[in-house]
Amino acid sequence: MADLPSKARVVIIGGGVVGCSSLYHLAKKGWTDCVLLEKNELTAGSTWHAAGNVPTFSTSWAIMNMQRYSTELYSGLAEEVDYPMNYHQTGSIRLAHSKERIQEFERACSMGRYQGIEMEMWTPEQAKERYPFLETHDLAGVLWDPSDGDIDPAQVTQALAKGARDMGQKIIRFCPATGVTQHDDGSWTVHTDKGDIDCDNVVNAAGYYAQRVGEWFKPYGGRTVPMMVMSHQYLLTEQIPEVEAWSKEHGGKLPLIRDVDISYYLRQEKNGYNLGPYEPNCKGEWTESGDAIPEDFSFQLWQDDLDRIEDIVTDAMERVPLMQTSGVSSVINGPIPYAPDGLPLVGPMPGVKNAFEACVFTFGIAQGGGAGKVLAEWIVDGATEWDMWAVDPRRYTDFTDHQYCVDKGMEVYGNEYAMHFPYHEWPAARDRKLSPNHAKIKELGGVMGAYNGWERANWFAKPGDDTSLEATHTWGRSGPWEPRIREECEAVRDACGVLDLPGFTRLWVQGEGADEWLRGFVTGGLPKIGRINLVYVADKRGRIVTEFSCIRLDENSFVLITAATAQWHDGDLVRNSVPDGVTVTETTTERDALLVAGPTSRDVLSGLTDADLTQGWLTHQHCTVAGKKAFLIRVSFTGELGWEVHAANEDMPAIYEAILEAGAKPFGMYALNSLRLEKGYRAWKGDLSTDYSMLEGGLERFVKFDKPQDFTGKAALLAEKQQGRKKAFCTLVIEAGDADAPYMSTVWHDGQIVGETTSGAWGYRVNASVALAMIRPELVEPGTELEVEIYGQRCKAVVQPDQPLWDPQNDRLRA
């Protein structure tokens, strides 16, 4: 056993596959003086009893990137580090029982091809040829993924550990961390029973102990890690002669089967089967008050509970009747951690400097290789190759209490293979954050969605409209919501609409030097006093980190407004950047906002406010509305004449009621999305992400190259300006069928993928399917004909001029 060093650059707490991968990848990036602490033996926790499946399939671009990277890493790891591993890339057959499932598969197929994964859509007959024991009579289609397979979890963990040790890293087994202390300079001391280690950075990779470890960081700005633990079972059958014979004849294992509509995987294990169900009547563990995780549950399992999975086992036996010829040899029933959305936590620890998380992995073996790469990039470079917001720990804020985590974890597990339809809202653990107008909005027919925990109306139903969850099980735009979205957009176009928008992140930055700091913080210029403009923050590569609406109240007093989902991300970004003497005050939860927009919006507001409504576009003023103190901003994300009305929560119901009575029609988030796309307005972490530079994103007008401040990314953007962009932003009008382009739909030209959409929806003012896209720069000439692949269908698309589709000169905005 290695001696405990007194110093390290990074200390990783947890020796599962993710912890070892993180240590290995830090060494790959040249940081070879790092330490991993494991309380027991490597692989303890979820790693040792994991089934070891390594899929690439995902409908999340970030997750697919991580999983694809894992397969590429694992395929050469044994030879690289000289450690034997059982890694079988058998391919997988993913079964579809419906048209909707085929559409999901087609989308994943398209994304996979873009990443270099040769996925294919097969007929049931083709699947039967590859897998003769499979019943295919009731299938609609099949997805074939040749890179899918399985790996021995202990072997891959030990191989990563060996690779890390060979590069100089230290692994200390049977040495539990017992706490942490942060010092004034931001460095850490990690405490153990064998002594202390001083380090620059700490990583919580403690698996299903991550929440317990996370509590150590609370005194330094941390929070309770959002997670729970599920009981997951899989069973192994006895050996089956027919499987053995097939393997000998073909020189390998049968492909893995995933029957996602029934919710299980089935793969060959030696010469028998491994069946892993995700049952709807699932069971959480250690969820009740006082029922805590034991101090050491490293290599333990629970008793099997086959009654829970009986129906799924029966279905699997009908799907592969060969299973009926064999008995069950063993059942593995162990703990698997779940975050509320089923995705892991990888990245900076919210609110804590020099601390990171790489934990709560539901599919740690499949994602472990990619996670180690991503985490090492966060620590060493301060940014990741791919935008990883999907797993960033800061995507959650303070609404993820214990019951929320339990309810969402149970929901995700029971719907592990569910399709994530664009108009579907998951029902568990809702109403965490409510607008002061929530009751009124529900009374008006608001059909709600959750945005960083905040309930907002997606659309407004009329009596008789079908608002059931079942109605949303479609990839198409047509549904009970469609005529209502149209009516809402037309109201904003022709008269006046009002949208209640709780949760805007508001950061009030003030103090001597705030203006000079802000000039060096953002890429562009600052507004004059009494004005507002958009400002952007780039990373060292010139890529888009975030967007703020910047309101200048005084020489050194600014309010930065950003998306609700960006609250902890942008809050950390600002608070960690301001100099001494500049304060940051957050008023996100104390205030609400209304969007009042449309050609008659001035008339609606004029009888309610003492504000000067003749003030121009991009101005702001304090005033009263309906007799209540308010702050009016002359901006409109809809592209119509309009204002944002900001006021204290307690005053907002009276203001909202008065605006409705004055003739405004309530509209929802779906209508807003349609309206903003027609104007080419970007949305954060879709169109605006670190996958793209400021120049690629079409935002050069927000980059002030001639200012003296050396803002982050300036050198990279100057170099890119000289050398040219690799991608370019454009707006597309698509001859779409029943569905509009989702995020990461591939864009084709002359039989090649040339880019991707970043968002899309129907534009009701322009009467067309609209998408924002990133494509090869030589193709952005207006009129260029392309194709966009939407759920397997390639649809003609035409590049539009570099201006808004609706009101290109902004005459309506400035009216």
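Reader: What makes Asp 33, Asp 184, Asp 185 and Asp 200 a patch of negative charge on the surface?

Author: Asp and Glu count as negative and Lys and Arg as positive, while His and the chain ends are not counted. A patch is made of residues with over 30% relative accessible area and no salt bridge, like charges being joined within 9 Å and nonpolar side chains (Val, Leu, Ile, Met, Phe, Trp, Tyr) within 5 Å. The place of a charge is taken as CG of Asp, CD of Glu, NZ of Lys or CZ of Arg. Asp 33, Asp 184, Asp 185 and Asp 200 gather in such a patch.

Reader: Why is Asp 184 called exposed?

Author: Exposed means over 50% relative accessible area, buried under 20%, and partly exposed in between (1.4 Å probe, protein chains only). Asp 184 has 87%, so it is exposed. This residue is found in the loop between β9 (177-182) and β10 (188-192); such strands are DSSP runs of E with at least two residues, helices are runs of H or I with at least four, and numbering starts from the N terminus.

Reader: What kind of model do these values come from?

Author: This is a predicted model, in which local features need pLDDT of at least 70 and side-chain atom pairs count only at pLDDT 80 or more, while totals for chains, interfaces and linings use all residues. Residues are numbered from 1 along each chain as its sequence is written, and side-chain values use heavy atoms, with hydrogens and water left out.

Reader: Why does Glu 789 count as buried, and which side chains does Glu 789 join in polar contacts?

Author: Glu 789 has 5% relative accessibility, so it counts as buried. Its place is strand β37 (residues 785-790). A polar contact is a pair of N or O atoms within 3.5 Å; within protein, one must be able to donate a hydrogen and the other to accept it, and residues adjacent in sequence count only if both atoms are side-chain atoms. The side chain of Glu 789 has a contact of 3.4 Å with that of Ser 110 and another of 3.0 Å with that of Trp 748.

Reader: What makes Glu 411 and Lys 408 a salt bridge?

Author: The term asks for a side-chain nitrogen of Lys or Arg within 4 Å of a carboxyl oxygen of Asp or Glu. Here the N to O distance is 2.8 Å, and the pair meets in a salt bridge. The two are 3 residues apart in helix α10 (residues 402-414), so about one helical turn separates them. Glu 411 is buried at 11%, and Lys 408 is buried at 10%.

Reader: How do you know that Lys 796 forms a salt bridge with Glu 735?

Author: Their closest N and O atoms are 3.9 Å apart, and the pair forms a salt bridge. It links distant parts of the chain, with Lys 796 in strand β38 (residues 793-799) and Glu 735 in the loop between β33 (728-734) and β34 (746-749), 61 residues apart. Lys 796 is at 34%, so it is partly exposed, whereas Glu 735, at 54%, counts as exposed.

Reader: How many salt bridges does the structure hold?

Author: The structure holds 53 salt bridges. Those that share partners join Asp 515, Glu 516, Arg 519, Arg 552 and Glu 555 into one network.

Reader: Why is Met 66 called buried?

Author: Met 66 has a relative accessible area of 0%, so the label is buried. Met 66 lies in helix α2 (residues 61-81).

Definitions and conventions:
Accessible areas come from the Shrake-Rupley method with a 1.4 Å probe; for residues, only the protein chains shown count as cover.
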